Structures are given as C-alpha cells and as structure tokens.
Amino acid sequence: MRCAMKFVEPSSYTGSKAWDALGIAEIEGATVRLHWTDQPYKWHENDGDEVFVVLDGKVKMFCRNEGIEHYQIMKQGDIFHAGNGDEHVAHPIGAARVLVIEKKGSI
C-alpha cells in the first residue's frame with residue numbers, strides 16, 4: 001500500500017530563479033510554500049499575517065518601524081512573524097530555503 005501523504009526534502013529543492021516556490025499546501029485560505037532564493041526580495045507589506053521559517057542557509061531580515069530600518073540575521077530554524085501591514089524584506093546570505101505561510105495571493 002502506498003502512502004498518499006506528501007514528503008518534502010527542502011535541501012533538494014532549487015528554483016530556476018530567485019524566490020521560486022514549491023507549493024506544499026493550502027489551508028483555509030493560507031498557502032504553505034517552500035522558497036529557494038539567492039537574491040533579496042522587495043520591501044513589502046502583507047495584507048495579513050506571514051510566518052517565515054529559515055530551513056537552510058541564513059537570511060538578513062529587515063523591517064521598518066516609523067521609518068527606521070532594523071534587521072536581524074536569521075539562521076536555520078529561526079522563525080519571523082510579520083503582522084498585517086508590517087513592512088519587511090528578506091536578504092539571503094548566499095542561497096537559502098525558507099518556508100512561508102501566508103494568506104493566499106499575498107505578495
């Protein structure tokens with residue numbers, strides 16, 4: 001009997017371009033996607049919550065609060081939560097694989 005569950009090995013996923021994503025699941029209007037990237041994303045604000053988990057590599061995560069930029073270096077296993085309207089941008093340090101959970105259709 002074959003198991004119908006999905007298994008994903010993050011270290012084996014590499015996109016053809018920065019921020020390519022492998023869709024893993026959609027749960028009650030939220031998407032769960034594995035991203036591969038070696039380039040920064042763009043400054044953005046989500047229209048809902050976002051959970052960002054570094055699975056492989058390192059990411060320099062920037063956020064802005066009242067026009068002032070802050071950042072933190074994220075390593076494997078670190079989790080970042082951005083709430084609705086939180087302005088942020090991820091800059092990988094080399095190649096990185098991240099799991100992103102957010103409202104379907106979010107930037």
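Predicted model: local features only at pLDDT ≥ 70, side-chain atom pairs only at ≥ 80, totals over all residues.
Stop 1: Select residues 50-65, which make up strand β4. Look at the turn that links them. The hairpin has 2 residues between the strands. Click on Glu66: its phi is positive, near 55°.

**Stop 2: Tyr71.** Which residue is its bridge partner? Select Phe62 to see the partner. Next, show Ile73 and Ile93 together with Tyr71. These three form a nonpolar patch on the surface. Together they have about 300 Å² of accessible area.

**Stop 3: Glu50.** Go back to strand β4 and select Glu50. Is Glu50 buried or exposed? Glu50 is buried, yet it has no salt bridge. Show Arg33, the nearest side chain of opposite charge. Arg33 is 8.0 Å away, and a salt bridge needs the charged atoms within 4 Å. Now look at the polar contacts of Glu50. One, of 3.1 Å, joins its side chain to that of Asn46. Another, of 3.0 Å, joins the side chains of Glu50 and His88.

**Stop 4: Glu26.** Move to strand β1, residues 20-27, and select Glu26. How exposed is this residue? Glu26 is partly exposed, because its relative accessible area is 48% and the exposed class starts over 50%.

How values were computed
Residues numbered from 1 in each chain as written. Heavy atoms only, no water. Patch = residues over 30% accessible without salt bridge, like charges linked within 9 Å, V, L, I, M, F, W, Y side chains within 5 Å. Areas by Shrake-Rupley, 256 points an atom, 1.4 Å probe, with all protein chains shown as cover. Pairing = 2+ DSSP bridges. Helix = DSSP H or I, 4+ residues; strand = E, 2+ residues; numbered from the N terminus. Buried < 20%, exposed > 50% of the residue type's maximum accessible area, 1.4 Å probe, protein only. Lys, Arg positive; Asp, Glu negative; His and termini not counted. Polar contact = N/O pair within 3.5 Å; in protein donor to acceptor, adjacent residues only side chain to side chain.
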